[in-house]
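Dear colleague,

I am passing on a structure that I would like you to look over. Please open it alongside this message, and my notes on it follow.

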Amino acid sequence: MKLMLVDDEERFLSSIAKLLSKKGIDAVTATSGAEAIEKLKRQTIHVVILDVKMPGMDGNETLVEIKKLFPMVEVIMLTGHATVEFAVDGLKSGATDYLMKPIGIDDLIQKAEEAFEKRQRLEEKIRMAQARK
Amino acid sequence: MKKNHYQTMRKTILASMILVPIIPFLLVLAIGYYYFTTSLESSTITRMKRIVEDHGQMIESFLAERKADLDFIIHSYRYEDLIQPGKLAEIFEHLQKNANAFVDLGIFNQDGVHVAYHGPFKLTGKVYKEVDWFQKVLKQGYYTSDIFLGYRQIPHFIIAVAKEVDGKKWVIRATIDSFMFNNLVKRVRIGKTGEAYILNADGILQTERRSGGNLMTKPPDNIKYPEENSGIESFINTDAKGEKYLFTTAWLKDKKWLLVVRQEKADVFQTLRAAAYLIILIMIIGGTGIIGVAFFLCERIVRRMEEMDSEKESLGDQLIRASRLAELGEMAAGFAHEINNPLQIMKNEQSLIEMNLAELKENGQLKPSESLAEMEDSLDQIELQISRCADITQGILKFGRQTEYVLQDIDLRNLVPEVIALVEKKAAVHGIRLKQTLSEDTPLIHGDPSQLQQVLLNLFNNAIDAVVERHGSHGGEMEIESGPVDNLKVKILVKDNGCGISLQNSNKIFTPFFTTKPVGKGTGLGLSVCYGIIDNLGGTINVSSEKGHGTTFTIILPAAG
């Protein structure tokens, strides 16, 4: 599973990346929505963990963009602001789930894995459908 | 100052409410009284005058008829015939058939000798030559006397007519039945005291007066005689006893007699007095009514205004508090959000340290030691404090923005016992007596059960804490009540006999982070979250408390449907 973390706080990105690597998960980081899309274009990433509140392109805009360009990528929204509106907006735009800051590393991994499994199931279905053709 | 304001308002309203109706009311009464009085007075006086006029005419015509009787005799019979014995008696009989007005009849020759007489007295042969009336009748040809005593020594008056035949004058005289004449005059009877009588030019009574005053006496009241040529006069005069009378007078008999009709003023204007009493009565009753109604209405208006003002004030307070809390909610939510980001990093860093430490220990690079144990304890503590911070920010976010909730009809009669069950044990441990009074007609409310549970639980826990603080583990009481308020609202009361809240604190208890509990024991968010929930459901939550006696929380929620 390849993860990408998108947040404007670099220290958050570096610490979480270190934690993930310690847990044996390969993670890419991006400090803005634009950078995240750039990186998505260049490498295969399965799950994106996306902060809602960012300068420039905010979380929801980035989400819409990602889903448009890479519909297969699973996106988990990360917010300091667990409001119904944000959650509903995110989920409507195609987010898989949402997380509330501060979140423990184990919870984060669990959610990411759930998303990854979902993606794998979806890919499986696509493969099956294509094989039947 | 506020009180003063109401006092001034009360006075103004009262003054206008009394003066505005009472001025026209009194004016109407006064004008009515004035016109009624004048019209009654003038009509009374007119009536009196008419009575006097009629009566005067009747008396005059009576006298004229009697004179005509004598004229008829003197012109129909010759002197020689009349003095024949028995002739006069025959004529007298004849006259009396016509009008029973004469007492006697007599014939006099030029020398005043009473030559023939018919009547009850023995007057034949008496000589009247020097007598006043005889002189006058010879001179004027006709004479009516005042009342006098004469030979017979009885009050009477006479009518005499003279005739001249061949240079010789003779006279016929009749005495008027003074009893009959008296009755004729006295017949007038007006009200209780109205009476009529005749005075001669010297003010001597010519007829009896019903209220006292004999013939030929002078009544003590001084009547002012009207002008010689005046008609019927009316005036008020006071008699010797000080009684006021309305006098009406008319001249009779060529202004030699004065017909007087008098009536006590009080008697004349009796209806007037009755009207005056009635008006005074109406004035008293009406005035009292106006003043009473004014006082009553004024009191009601002012009280209603006071109520409205205080309602407005408390509404204003609530609005201010609500808007302040809303602002605070926004701010707190933003603040919580901002805190969550660094909190996230701290959490990450703490996990990293922990992991690295574990690795070092595993690799044997770190030997177990007291300082290592202390470091691990510190890390645990950091983790704990971070999660505490997270709890706080969660709480703030809950207060500021409501998370997802499910609205449904809730029956408080089921919900309250459920929540009570959650705190029953805790209450029992602290010796608190729980009492539930859930009215059978408590309406359903529309809301999220878990939120309402949260509110009640919060209030119950606060109540228990307050009771424990005051009573320890004995004598605590907590009561919960529910019931309808005017069909559209539901009231929930949570009462305790705990330590109470001071006035200055009770204004702040719904403010986020306000707590009186020791550090670490409470976040100061419980009641602000309750407030947010109740506000969200369109209800209100209020507190009334007395320091040292207890606290009552009142929740008002709209009824479902």
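Two strands count as paired if DSSP finds at least two bridges between them. This is a predicted model, and in its chain B the antiparallel strands S1 (residues 102-108) and S2 (residues 114-118) are joined by 4 bridges. Phe108(B) stands opposite His114(B) of S2(B), and among the 5 residues between the strands of this hairpin is Gly112(B), which has a positive phi near 85°.

Some backbone values deserve a careful look, since most residues other than glycine have a negative phi, and most peptide bonds are trans. In chain B, Gln153(B), in the loop between strand S3 (142-144) and strand S4 (157-165), has a positive phi near 60°. Gln153(B) is exposed, because 8 other C-beta atoms lie within 10 Å, and the cut-off for exposed is 12 or fewer. Asp166(B), in the loop between S4 and strand S5 (168-176) of chain B, likewise has a positive phi, near 50°, and counts as exposed because it has 4 C-beta neighbours inside 10 Å. In chain A, the peptide bond from Lys101(A) to Pro102(A) is cis, with omega near -10°, and Pro102(A) is found in the loop between strand S5 (97-100) and helix H5 (105-132) of that chain.

As for the contact between the chains, 18 residues from chain B and 18 residues from chain A take part. On the side of chain B that touches chain A, helix H7 (270-362) and helix H8 (370-400) each supply at least two residues, with the largest share, 12 residues, coming from H7(B). The residues on this side of chain B divide into 7 nonpolar, 7 polar and 4 charged.

With best regards

Conventions. Residues are numbered from 1 along each chain as its sequence is written. Chains are lettered from A and ligands numbered from 1 in the order in which they are written. This is a predicted model: local features need pLDDT of at least 70, side-chain atom pairs count only at pLDDT 80 or more; totals for chains, interfaces and linings use all residues. Two residues are in contact if their C-beta atoms, placed from the backbone, lie within 7 Å. Ala, Val, Leu, Ile, Met, Phe, Trp, Tyr, Cys and Pro count as nonpolar, Asp, Glu, Lys and Arg as charged, and the others, Gly among them, as polar. A residue is buried if 20 or more other C-beta atoms lie within 10 Å of its own, exposed if 12 or fewer, and partly exposed in between; C-beta atoms are placed from the backbone.
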